Amino acid sequence: MKIIIHRGTHEIGGSCVEIHSKKSRILIDIGMPLVKKDGGRFNFKEYENTPGPELVKEKVLPDISGVYSWDSDKKMVDGVLISHPHVDHYGFFGYLKKDICFYLGEAAKKIIDLTVIFTPVKGSISNYHPIESGKSFRCGDFRITPYLMDHSAFDSYVFLVEADGKSLIYSGDFREHGRKPGVFRWFLEHAPEDIDVLLLEGTVLDRGLKGKGVGEFKSETEIEAETVKLLEGSKEMTLLYFSAQNIDRLVSFYRASLKMGKIFVIDFYTANILGCLKDYGEIPYPSEDYANIKVFFPYWLCERIRRQGREELMYKYKSYKITRKEISDRSGEIMMMVRPSMLKDLELIKNIEGATFIYSLWEGYLQDYSMQKMMRFIKKKKMNFYQVHTSGHAEIATLKKVVKKLKPGKIIPIHTFHPDKYSTLFSRKVVQVTDGEVFEV
């Protein structure tokens, strides 16, 4: 078995791994980068008009033969596995040949389909095989077993890949301090031991090494409790900025809204996300069963959907609509999800001065131009700004649990800026590779 990490040996995001057996070839993830080579934030708008072959030459797209739509004379891969629906793991899927089969969770597929409609992400998955936790399947001569994992993305998986008498586990992104710690424990109970290679994420190694180790990151239950404490005694509106696809965080804030007797306001993009996921778990969504959830219709988002002729995505939630006037009139009862693209709407809401603004994303996003505009608005309206967040990634103690259970022959760092730290943390042999290097198991 041969492994090529096309991106991720020395950076977070843009994950892409190619695996060869004697007869077959697969990709795991085809992600969009988060950072540029100079360390700045990656912005695909700078490249969206550049032809695909040029993006390969510029090393924006990974150099992989036979997978892109313009590689018509080359052999395709046998399949593409998508570990979870974060764009840094699937964002370049639109450049691949349409007849390549994708393997991913059913819920993850629905999230990606909605993301394409509501955001600038481009692409579609027409050839698709749904996967289920613990159920093995064949792709070429690979035997692949997915394991559901706890992560800030819904429907996230670890992959066990077996071929040619060798075994490999690709960790994807995971944690155990979210709202699904049981699936992490199930993985530890059912995953095989003595695997040959573990490709192990180390997204937050720098934070963990500086911190207290076990219990370094807050749990989602602690996020919920912290939010309730912040709002005790507050008579002003509460604004929340977090990812609509971070269902764990949404549930934490929703539960806080119930404890505080607040009306929980989401936009209709988030309503559609929740609506498509409601059958996969006990997830609150706009319905008679969750009477305190109301749906707001931001101007720019409505215009985007109208231009696509997809008004049905708005109309299906009109029964739960809340207007700017209602929000203004009931400001003290409102706990509302917002984002920078809603500034035009927020400017028109009355009684927003002095609101509590809770930011619940990675701190690095505060430097984005759009968030800087939001911060100026927050300052102008004399809002109280708080950061209430926890990582979607495993702390060091969790990584050690995985290594102890799997007993890998070799560990290869991936999805990390600190591959050099692994050898100080794990007694197992650590092998650092570089992007594009062929590693033979």
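Which residue follows α14, and is its phi positive or negative? Lys-407 follows α14, and its phi is positive, near 50°.

The model shown in these views is predicted: local features need pLDDT of at least 70, side-chain atom pairs count only at pLDDT 80 or more, and totals for chains, interfaces and linings use all residues. Residues are numbered from 1 along each chain as its sequence is written, and side-chain values use heavy atoms, with hydrogens and water left out.

**View 1. Helix α14 and its buried residues.** Helix α14 spans residues 396-406 and is largely enclosed by the rest of the structure, because eight of its eleven residues are buried. Helices (H or I, at least four residues) and strands (E, at least two) are DSSP runs, numbered from the N terminus. Buried means under 20% relative accessible area, with a 1.4 Å probe and protein chains only. Among the buried residues of α14 are Ile-396, Leu-399, Val-403 and Lys-405.

**View 2. The open six-stranded sheet.** The strand order is β14-β13-β15-β12-β16-β17, with parallel pairing; two strands pair if DSSP finds at least two bridges between them. β14 (293-296) and β17 (384-387) are the edge strands, each with a single partner, so one side of each has no neighbour in the sheet. From one strand to the next the twist averages 25°.

View 3. Three bridges join β15 to β12, where Leu-240 stands opposite Met-337. Three bridges also join β15 to β13, with Ile-263 opposite Ile-334. Strand β13 (residues 263-267) is joined to β14 by four bridges, and Phe-264 stands opposite Ile-293.

**View 4. Helix α13 across the sheet.** Helix α13 (residues 369-380) lies across β12, β16 and β17. Its direction runs at about 155° to β16; axes are lines fitted to C-alpha atoms, for helices over the stretch in contact (heavy atoms within 4.5 Å), and angles run from 0 to 180 degrees between N-to-C directions.

**View 5. Lining of the second largest pocket.** A pocket is an open set of points on a 1 Å grid over the protein atoms alone where a 1.4 Å probe fits, with protein on both sides within 12 Å along at least five of seven lines; lining residues have an atom within 4 Å of a point. The lining has 16 residues, and Phe-154, Lys-180, Tyr-280, Gly-281 and Ile-283 lie nearest the pocket centre. α7 (247-260) and α3 (106-118) each supply at least two lining residues, and α7 gives the most, with three.

How values were computed: Buried means under 20% relative accessible area, exposed over 50%, partly exposed in between (1.4 Å probe, protein chains only).
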